[in-house]
2 protein chains.
Amino acid sequence: MARFSFNQATAKHWPLADVVAGCAEAGVPGIGLWREPVAEYGLARAAKLVRDAGLTVTSLCRGGFFTADGWRTENRAAIDEAAALGTATLVLVSGGLPAGSRDVDGARRMVADAIGELVPYAQSAGVRLAIEPLHPMFCADRCVVATLGQALDIAEQFPVDAVGVVVDAYHVWWDDRVYAQIARAGERIAAFQVCDWVTPLPEGVLLGRALPGAGCIELRRLREAVDAAGWTGPVEVEVFHADVWARPGREVLAESIAGYLDHVA
Amino acid sequence: MARFSFNQATAKHWPLADVVAGCAEAGVPGIGLWREPVAEYGLARAAKLVRDAGLTVTSLCRGGFFTADGWRTENRAAIDEAAALGTATLVLVSGGLPAGSRDVDGARRMVADAIGELVPYAQSAGVRLAIEPLHPMFCADRCVVATLGQALDIAEQFPVDAVGVVVDAYHVWWDDRVYAQIARAGERIAAFQVCDWVTPLPEGVLLGRALPGAGCIELRRLREAVDAAGWTGPVEVEVFHADVWARPGREVLAESIAGYLDHVA
């Protein structure tokens, strides 16, 4: 259990105080937080809650969306919040094409430029920017960074302690180059997240993820690959699914732990 | 119009005789056919219908599904049908993971082995096997060949006249390596298909395609890239969408032509 972390989005409707209590009771050492529920609870109050419970904040989701207006202000705020929560890892989802645009190369340049602009601010805050490639089905509307290779092409333009990448099994498992890219990533790996792939995908495709073990992803093989690349950090279970969200948080946490132990660890 | 081809799946419910008549009247030179409606109409009868109308059959969809039982019989039949229809291009969709399997590497090996086994039969029939990479969102359940690079890795194991690849804009546009892979493909390009990407994707994600120009794909840029790689063959419009299917075939054909001329040619 030493590396297990529970991403709070897995039990989206479980109130923050209850997630934290539930994790502490279950002997979970780490938690992944999201900006919105933290803001709702209060940033300083959330930081204290988690600290008092003895939990490590393994990542904050999320900055990014660099192709939308207001990205500078939003991302600086996200960096400040990560620092306040005591996590060094801010997950970045790049954003999709600007409205009405077909210029995917241009959007990708905007992402690299924006990250470059944020690096000094993040470094001064002691926060590492973690670029998350999303599955290519999100390329148009959520994330023009669609492969681990592409995330690394951007990350490698900056110091290794300033910019890393997220390896999320759901987003990368299909890629025939993923094991080569994980090996290439090495110290760039800033987070490792797991859930499972099941079909059919739901409308909008955002909420189609399953708990580890319920789908077709070789989760243990991917975990062994990130380990072989040098990753010794947490393994975050992060699932988005309406059916999972409808269940009691404590039950979802217990199944996340079981899925992690049986299929990932 | 010389390169325009209408894939019949774009107007799925338009009876074959009507599609053929509609294409001939509209001055469309080429048509892409599917096995099921051809079988329903009768193979020899369909071949005569299309020939009498002066249309070229630009491709037959589809063989493949090599991870399912009975693939040998099905694929030999598909090869025979392509030859009978007078097209040299049989589109192959590889199939997804076998039921209950997580072994994506193994499934990919099965695909390459199966294609190797079919090559002599296809060559003797004068039919070229055209491997179509599908978008990675179909990797689990329809097609473990998820990128053009991967399709080429398989195709290049066989003679160039025996095995080629399909470049379908919908499946490859998101890939930051697609232009490099199109250049690499050169004479391996066996078909070029277009439609457009729109969001949100529908449940099951199969029927989410739009007519050319309605979405965010740089269709003209992709067409110029295949041309620069040496492709002088047809440009097939192939759209799957329930709303498009619900409309009169003649209207859909007219809009496909307009979309092709405005956004692709």
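The paragraphs below lead through a predicted model, beginning with the boundary between chain A and chain B and ending at one helix of chain A.

Where the two chains meet, 37 residues of chain A are in contact with 37 residues of chain B, and the area buried between them is about 2,800 Å², of which carbon and sulfur atoms give 57%. Of the area that chain A buries against chain B, A:Arg102, A:Trp174 and A:Asp176 supply 22%, more than any other three residues. The polar side of this boundary comprises twelve residue pairs in polar contact, both residues being at pLDDT 80 or more, and the count of salt bridges between the chains is two. B:Arg221 forms a salt bridge with A:Asp105, with the closest N and O atoms 2.7 Å apart. On the side of chain A that touches chain B, α5 (104-125) and α6 each supply at least two residues, and α5(A) gives the most, with three residues.

The largest nonpolar core holds 188 residues, among which A:Ile115, A:Trp173, B:Ile115 and B:Trp173 touch the most other members. Leaving aside neighbours within four places in sequence, A:Trp173 is in contact with residues of both chains, including A:Trp197 and A:Leu222 as well as B:Leu97 and B:Val104.

Helix α8 of chain A, residues 178-185, has A:Val178, A:Gln181, A:Ile182 and A:Ala185 buried. Seen down the axis of α8(A), these buried residues fall within an arc of 105 degrees, and therefore line one face of the helix. The face turned away from that buried side carries the exposed residues A:Ala180 and A:Ala183. The cover over the buried residues of α8(A) includes α6, β6, α7, β7 and α9 of chain A, and just after the helix A:Gly186 takes a positive phi of about 45 degrees.

Conventions. Residues numbered from 1 in each chain as written. Chains lettered and ligands numbered in written order. Predicted model: local features only at pLDDT ≥ 70, side-chain atom pairs only at ≥ 80, totals over all residues. Heavy atoms only, no water. Core = buried A, V, L, I, M, F, W, Y, C linked by side-chain atoms within 4.5 Å. Buried < 20%, exposed > 50% of the residue type's maximum accessible area, 1.4 Å probe, protein only. Contact = heavy atoms within 4.5 Å. Helix = DSSP H or I, 4+ residues; strand = E, 2+ residues; numbered from the N terminus. Arc of directions from axis to C-beta. Buried area = accessible area lost by both parts, 1.4 Å probe. Salt bridge = Lys/Arg side-chain N within 4 Å of Asp/Glu carboxyl O. Polar contact = N/O pair within 3.5 Å; in protein donor to acceptor, adjacent residues only side chain to side chain.
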